[in-house]
Amino acid sequence: MNLYIIIPAHNEEKFIGLTLQSLLKQTTKPQKVVVVNDNSTDTTESIVNEFIQKDSSISLINSVSTATHLPGSKVIQAFHKGFETLDSNYDVIVKLDADLILPINYFETIISHFKKDQKIGMVGGFAYIEKNGHWILENLTDKDHIRGAFKAYRKECFIQIGNLKPAMGWDTVDELLCKFYGWKVVTDENLKVKHLKPTGANYNKSSRYKQGEAFYTLGYGFFITTIASAKLALLKKKPLLFFDYIKGFWKAKMANKPLLVTNEQAKFIRSYRLQKMKEKLF
């Protein structure tokens with residue numbers, strides 16, 4: 001199976017070399033790796049160019065965007081820039097962050113999952129962060145959710161869900177649409193990915209309402225948003241975030257922001273979310 005990877009990178013000089021090194025060590029190597037250098041002001045570009053000299057599968061695109069790091073839109077716009085440069089000869093497309101160290105069998109294992117079951121649309125491992133000298137699970141989501149830092153899609157699934165949405169919530173709506181179209185999402189606990197920079201480390205203050213806005217644009221409705229907001233705020237150990245999320249939801253509703261999904265898809269998403277909540281309760 002042909003494996004193409006896109007890595008959006010903004011000021012990642014501390015980590016991009018470690019990420020590319022872990023790709024070169026893979027037991028199953030990708031055919032193409034595109035690094036999208038998104039408005040970096042550090043040495044990200046020169047580090048990537050050093051790797052291009054070592055391996056012809058790696059390429060670089062320089063992209064100019066705003067310096068503001070808002071969750072979702074910036075990184076996916078960079079992903080789209082990278083995707084535009086690729087041909088269509090891929091079987092699996094991967095969106096990777098530029099601050100990861102993958103286990104050496106990561107892609108070998110992912111491809112084996114795709115080969116095993118033709119109905120699997122997405123596969124991923126689990127993110128671990130370093131705390132007091134130990135690598136511990138970055139426990140921000142359910143075990144059946146693939147983190148946005150490392151998303152691998154079967155080509156047919158990727159096309160059907162309509163590529164990735166340039167908005168916060170892109171890494172939730174992709175899985176919900178995956179399920180809407182009858183694809184399976186698989187997480188493999190044996191694939192432990194070292195996440196070198198904690199999630200959200202670069203987000204600015206203006207992004208704090210974005211999570212609630214994302215819940216609105218996913219079609220959750222107020223009831224599911226309230227539960228999801230409370231859960232996420234507690235997982236982040238910042239209970240006051242709950243109020244920011246709820247405010248973000250109402251701001252989006254009052255502004256009549258367009259949803260990321262159709263009405264039919266939103267109905268499916270609410271039904272699916274409620275079913276998952278019932279399973280946890282009973």
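Q: Why is C178 called buried?
A: This is a predicted model, and in it C178 has a relative accessible area of 0%. Buried means under 20%, so C178 is buried.

Q: Why is C157 called buried?
A: The relative accessible area of C157 is 0%. The limit for a buried residue is under 20%, and C157 therefore counts as buried.

Q: Which two quantities describe a pair of aromatic rings?
A: Such a pair is described by the distance of the centres and the angle of the planes.

Q: How many aromatic pairs does the structure hold, and what makes the pair of F79 and F83 stacked?
A: There are 17 aromatic pairs in the structure. For F79 and F83, the ring centres are 6.3 Å apart and the planes lie at 10°. Pairing needs centres within 6.5 Å, and stacking needs planes under 30 degrees apart; the pair is therefore stacked. Both residues belong to helix α3 (residues 73-84), where they are four residues apart, about one turn of the helix.

Q: Which aromatic cluster includes F79 and F83?
A: F79 and F83 form one aromatic cluster with Y4, Y90, Y153 and F158.

Q: Why is the pair of F180 and F268 called edge-to-face?
A: The ring centres of F180 and F268 are 5.5 Å apart, and their planes meet at 75°. Since planes over 60 degrees apart count as edge-to-face, the pair receives that label. This pair links distant parts of the chain: F180 lies in helix α6 (residues 170-180) and F268 in helix α10 (residues 263-281), 88 residues apart. F180 is partly exposed at 22%, and F268 is partly exposed at 26%.

Q: What makes K119 a charge over the ring of W183?
A: The charged end of K119 sits over that ring, 4.5 Å from its centre. The distance criterion is within 6 Å. In a further case, K54 lies over the face of F51, at 4.2 Å from the ring centre.

Q: Why is M277 called buried?
A: M277 has a relative accessible area of 19%. Because the limit is under 20%, M277 is buried. M277 is found in helix α10 and touches I224 and I227, not counting residues up to four places away in sequence.

Q: Which residues touch the most other members of the largest nonpolar core?
A: Among its 74 residues, these are I7, L20 and L96. Strand β1 (residues 3-9) gives the most to this core, with six residues. Leaving aside neighbours within four places in sequence, the contacts of L96 include I5, I6, I7, P8 and F107.

Definitions and conventions:
Residues are numbered from 1 along each chain as its sequence is written. This is a predicted model: local features need pLDDT of at least 70, side-chain atom pairs count only at pLDDT 80 or more; totals for chains, interfaces and linings use all residues. Side-chain values use heavy atoms; hydrogens and water are left out. Rings of Phe, Tyr and Trp (its six-membered ring) pair if their centres lie within 6.5 Å; planes under 30 degrees apart count as stacked, over 60 as edge-to-face and the rest as tilted. Helices (H or I, at least four residues) and strands (E, at least two) are DSSP runs, numbered from the N terminus. Buried means under 20% relative accessible area, exposed over 50%, partly exposed in between (1.4 Å probe, protein chains only). A charge sits over a ring if NZ of Lys or CZ of Arg is within 6 Å of the ring centre and within 35 degrees of the ring normal. A nonpolar core is a set of buried Ala, Val, Leu, Ile, Met, Phe, Trp, Tyr and Cys residues joined through side-chain atoms within 4.5 Å. Contact means heavy atoms within 4.5 Å.
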